[in-house]
Amino acid sequence: MQTREVDATAVHTLLAAAVAAPSIHNTQPWRFGLDPESRSIEVRFDHRRRLPLADPDLRAQHLSVGAAVLNLRVAAAHLGWAPAVRLLPAADEPDLLARVQLAGPAEDDRPPLGELYEAVERRHTSRMPFTGRPVPERIVAEMIGSALAEGAHLVVPDIIGTRRLLRLTQLAEARNTAHPARAAEARTWITAPGKDARYGIPLTTLGPRDASGRIPVRDFTGRLPAPHLPALRFERHAQVALLWTAQDRREDWLRAGQALQRVLLTATRHGVRTSMLHQAMEWPDLRAATAGSRQRCRPQLLIRFGYGPDGGPTPRASADDRGLTPRASSDDRGISAGRAPR
């Protein structure tokens, strides 16, 4: 079996998968380039999409880029390659976060990672109430295994532990709402009807508030005179999972992002909806508190999951917008910054 060419069709497939990854506030903080000599996709950080208050250390945006790297790997495996990833491959290029080499061919026609490809387009964040029907243990175990496969951990707490994590998230949400500068930062990523909707979150896709107050859904609009959906009752017993790593370096954040996306795609394959509760991670004391009594636990994200309506797609900058094309030499690697939001 010959290794396929990195032609325009393959590049478009790879890039379309990469930009479908979730990112904090849908900032899409990534840029892509192709090094034809090494048959590698280079993934770089886009500093124009920073969140100085919510994410001063760029941890969440590293998670976002890690999720895009996982999608690149999934698409590459789907196309028959055995992708090899190097994180932070160049010490003198701190913005170069990953290099995905299109090695191959894959040893078999359907590598396990490639089987997640169909879920890439179907995965959407759902900000709607879930039914409360428990996700079976076998699916939860597969989600936990997906995190472990990427060097991270996923723990699903009991009812008491779940309530504690939701209380911490609720406290963080209250702090964010009461902090004028943080609230304003979040609002800059809300897209009003008629505006450029490739970045940020459209106003029309924001979910309702929980009438019972149990599920701390992020309020992006704050006190703005914006239309709000009527409050609805969310599931009485939420299912959540804490994603964490043993260390807290940049490479750990990138691995956690890959683990996050692998967990989300695994859930999507089984018809399980997901949403991210990141608020507590934005306050150092609350982030530390989410670890509980676990030793060497560096919390990265809280995932809410269950059965319910599809949240619908959040707009993305298209693969064509990114403008990634093969170049003649590695001296010109075609780095594309995309377009800046509003």
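A: Helices here are DSSP runs of H or I with at least four residues, strands are runs of E with at least two, and both are numbered from the N terminus. The model is predicted, so local features need pLDDT of at least 70 and side-chain atom pairs count only at pLDDT 80 or more, while totals for chains, interfaces and linings use all residues. Residues are numbered from 1 along each chain as its sequence is written, and side-chain values use heavy atoms, with hydrogens and water left out.

P136 counts as partly exposed because its relative accessibility is 31%; buried means under 20% relative accessible area, exposed means over 50%, and partly exposed lies in between (1.4 Å probe, protein chains only). P136 and G306 are 170 residues apart in sequence, yet their C-alpha atoms are 9.9 Å apart in space.

Now the charged pairs. The whole structure holds 15 salt bridges, a salt bridge being a side-chain nitrogen of Lys or Arg within 4 Å of a carboxyl oxygen of Asp or Glu. One of them joins E118 and R122, with 2.5 Å from N to O. These two residues are 4 residues apart in helix α3, so about one helical turn separates them. E118 is partly exposed at 48% relative accessibility, and R122 is also partly exposed, at 32%.

Another salt bridge joins R287 and D248, at 2.8 Å from N to O. This pair links distant parts of the chain: R287 belongs to helix α8 (residues 284–290), D248 lies in the loop between β8 (239–245) and α7 (250–269), and the two are 39 residues apart. R287 is buried, because its relative accessible area is 13%, whereas D248 is partly exposed at 27%.

E42 and R44 form a salt bridge as well, with an N to O distance of 3.3 Å. Both of these residues are buried. E42 and R44 also belong to a network of salt bridges that includes E93 and R99.

R214 counts as partly exposed because its relative accessibility is 30%. With R163, R167, R233 and R236, R214 forms a positive surface patch. Patch residues have over 30% relative accessible area and no salt bridge; like charges are joined within 9 Å, and nonpolar side chains (Val, Leu, Ile, Met, Phe, Trp, Tyr) within 5 Å. Lys and Arg count as positive, and the place of an Arg charge is taken as CZ.

Terms used
Areas by Shrake-Rupley, 256 points an atom, 1.4 Å probe, with all protein chains shown as cover.
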